[in-house]
Amino acid sequence: MTVTSGKSTQRSGVVAICGNPNSGKTTIFNAITGLNQQVGNYPGVTVEKVTGRFESDLNPGQKLTLVDIPGSYSLSAFTPDEYIAAAVLFGEFDGQRPPDAIICVIDATQLERGFYLLLQILQIGCPTVVAVNMIDLAQQGGIRINFKRLSRALGGIPVVPVIGNRRKGIDKLKRETANAIDRSFTGVTRIFDSTTEEVMQTLVEQCSDHRRSRAQYLRVIFDENGQAEKQYVRDEGRRVIPWIEQGRRRIRDKFGSLVTAETGALTYRAEELHRLVVRKSESAQTTVSEKIDKYLLHPLLGPVVLVLLMVLVFQSIFSWAAPLMDAIDGAFSWLAGGVEATMVDGPLRSLLTDGVIGGVGSVLIFIPQIAILFIFIAILEDSGFMPRAAFLVDRMFRWCGLSGKSFIPMLSSFACAVPGIMATRTIEDRKLRLITIMVAPLMTCSARLPVYAIMIAAFIPYKTYLGIFNLQGLVLTMLYLLGIATAVVVSYILKKTFLKTERGTFMMEMPTYKLPTLRSIGIRVLNRLKSFLLRAGTIILAITVIIWALSYYPRSADVTHEFNIRKAEAISNFARSQALLASRIDALTTGQSPEVGSAAEHITESFDRALDFTQLEGIRTELIAEYSSFPELVETLYRARYLMLDHNQSITRIANEKAGAHIRGSFLGIVGRQIEPLFEPLGWDWKITVSVLAAFPAREVIIATLGTIYNLGTEIEVQSSSLIEKMRNAVWEDGPDKGKAVFSPAVAISIMVFFALCCQCGATLVTIRQETASWIYSVATFVYMTALAYLFAFTSFQIMRGAGF
Amino acid sequence: MTPLSKMLPGQRGTVIGFTRDSKIARRLLELGIVPGRTVVYLRNAPLRDPMEVQVGSCCLSLRHSEASLVTVKLDK
């Protein structure tokens, strides 16, 4: 046993982990690296790249980088995922060092298919370690594997039995991997017939250098018009084309077709290996999975279960998350309050409270929903249900240009388009994936709900039709349907025009059901949250600060001065009136009986309980009856409390008017009034326009902005009746409708329709950029959604107004 | 000999080969639809397409258009 062979141990190394989809590759990846992971994208393609670090107890201190490459069935790539996998394994991928070793994961219950890929991988000539995963399931199925014999048959490369989800065999796998890099020993390669070998030899001889592996020459020969052939011709010149053609002719003459020649040899050797190393006690193969599928894939029962499951996911996203979201909201309000109390008024305080805490807080509030959603997605994926859901809906989704595989991303997008877009990673077809990404933001996400809630509460009358249908509920439902219907139409158009999908395929494995483990779900959810938090802390924070700055500056000193004078006046007026009343009360109580003194005390206490004018009037009536012998005392103390309440109110009003004047004079306000004419056809005044514009980074922002603009300060809760009141009372400042109410049901509908269709979400656009590795799709999504939003808002407003609403 | 797509749910047969030498045929081979193996037609999806078959211990879903590439010999 060589622990370290002659040559010195490398200080670092790259290990690629590959295997069939559903072979448990990612589970083993997680087991090896734990939380030590980075999620990124392979540049230029729409596939996620995950890397992690680990070291083995064989060479402590040797840092190995593990690259999780997409699952594949063959090096003859069929999907974009598999192109990446092959390119990384061949060392052809820009920005990714060629691997120093390969871990090939094989599902113990699907050995033949695993061997097929393994035999191709051995042709690369890179040190390879075989991890035979899920040996427990194989044993339950009566499959006994002779690992020693398998290792020998493969030319002596290490074969490690593993149970990934229970972390069995992981340490040995790490050790063997480190060892394999040191020994740089490769396994069997001679599995093809003499003709193929000769053809390969002629192509090698045509070559000016020897950097290609046997695996790559096989791709040149067997993949007609494939990437490998094109690259080979590019490198060696067109003179090699006849050599390729002649070689293929020889192979066709012998085997009938290229596919038969390669797959025949690989399948033959895979079956031979299988016979050699597996002893199977024959058992009737009606598996547990098949029993479950009798119900879950039943033509009638299946869809019913699927719908129930969706309802459960939705319900939990909305109801379970609510208390946690309230808690986060509370925490941020508390934090903002604390900052407000400890800091002096000024730009820095405003930046911290209104900008950073208000803006980032409104994003972080979605953490519970995202966590719950990802827990569900992780469970559904790990258990093996996802391919079944895609199977059930495939036909229906195909009508509108999508595929069954678009189902999960669309479902997720009802909570938030960000995880929804991330979930499109399971779609192999690039164009299908792009269509799904571009229509996912049309699903009604949770950030639209507060906007709908406040507009409907303010302007849609509470009317009931036929006893059960409520107008407010109907409007909300219509808005959800509007999003879905638009998505159907848009994806149909995209499919027919820019993203013409060829007749897509749906060849997919239905993996056996597995019980998800807490550990693997935990790791996945935590990693997702980590990248979400990272984004909130960087890009979203930046956008928020920009919007804050635009609505804060230039803060005119004149305006501040003017309102400070008004505030000072109000305070001095109050002090004067209060002094007058105090002397009056003195006159009424001094030198009187103790009875008067205690009455005055009690009356003052009672009035102090009044927090608004209505309460004050009520208490006054009570006290007049109770103290009928001291009418003047009651009246004077009443006026003292009245003065206090009135003063507080005017101080708040002045502060709010000041905020309003500042926002009118801010860059955002100036721009808003400039572009008001552009949005007048939608029925909006400059305040709505500015609020909607400010909400482009994140939809929820509109509520805070409307609040500020309508002289209310920024701490407006969704159901705040005072914002609703202010909106109802708002009138046009100028123009033909001067003096008339700004808001009407028509305007409210126009705003909601705009929000239903518009892509007002910086996070979504950034995610699209990340997922597609190109700004083009972000820009395209933004442009088409905004254009549709304007068009539909315009149309609905004009129709509604024409109908007299 | 019939195309796999013309079988009836519940029937089983032996894979003979492919009608065309295409990329789809290649992928079906790599997924385990290998000549000589037994294939069982399990069921259709609710709107008839796609379909689910079993080869060995592995279940696959594929559309009828893809299944029509596969020729099978029905087991008696």
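Here are some notes on this predicted model, from the chain contact down to single residues.

1. Some housekeeping. Residues are numbered from 1 along each chain as its sequence is written, and chains are lettered from A, with ligands numbered from 1, in the order in which they are written. Since this is a predicted model, local features need pLDDT of at least 70 and side-chain atom pairs count only at pLDDT 80 or more, while totals for chains, interfaces and linings use all residues.

2. Start with the interface: 27 residues of chain B are in contact with 28 residues of chain A (contact means C-beta atoms, placed from the backbone, within 7 Å). On the chain B side, the elements giving two or more residues are α1 (23–31) and β5 (58–62). Helices (H or I, at least four residues) and strands (E, at least two) are DSSP runs, numbered from the N terminus. The largest share of that side, nine residues, comes from α1(B). By class, the side of chain B that touches chain A has 14 nonpolar, three polar and 10 charged residues (Ala, Val, Leu, Ile, Met, Phe, Trp, Tyr, Cys and Pro count as nonpolar, Asp, Glu, Lys and Arg as charged, and the others, Gly among them, as polar).

3. Strand β12 (508–510) of chain A pairs with β5(B) in the antiparallel sense over three bridges; pairing takes at least two DSSP bridges between the strands. A:Glu509 stands opposite B:Leu60 there.

4. Within chain A, helices α21 (449–459) and α32 (745–757) pack at about 170°, axes 10 Å apart. Axes are lines fitted to C-alpha atoms over the stretch in contact, and angles run from 0 to 180 degrees between N-to-C directions. That makes the two helices, α21(A) and α32(A), roughly antiparallel (over 145 degrees). Their contact has 10 nonpolar, no polar and no charged residues; among them, A:Met455 and A:Phe459 are on α21(A), and A:Ile751 and A:Phe755 on α32(A).

5. Two cis peptide bonds to check. One joins A:Tyr553 and A:Pro554, omega about -10°, with A:Pro554 in the loop between α23 (518–552) and α24 (557–589) of chain A. Another joins B:Asp49 and B:Pro50, omega about -10°; B:Pro50 lies in the loop between β3 (38–44) and β4 (51–55) of chain B.

6. Then the positive phi values. A:Met134, between β6 (128–133) and α4 (135–140) of chain A, has phi near 60°. A:Met134 is buried, with 26 other C-beta atoms within 10 Å (20 or more is buried, 12 or fewer exposed, in between partly exposed, with C-beta atoms placed from the backbone). A:Asn225 also has phi near 60°, but is exposed, with 6 other C-beta atoms within 10 Å.

How values were computed:
Angles under 35 degrees count as roughly parallel, over 145 as roughly antiparallel, 65 to 115 as roughly perpendicular and the rest as oblique. Two residues are in contact if their C-beta atoms, placed from the backbone, lie within 7 Å.
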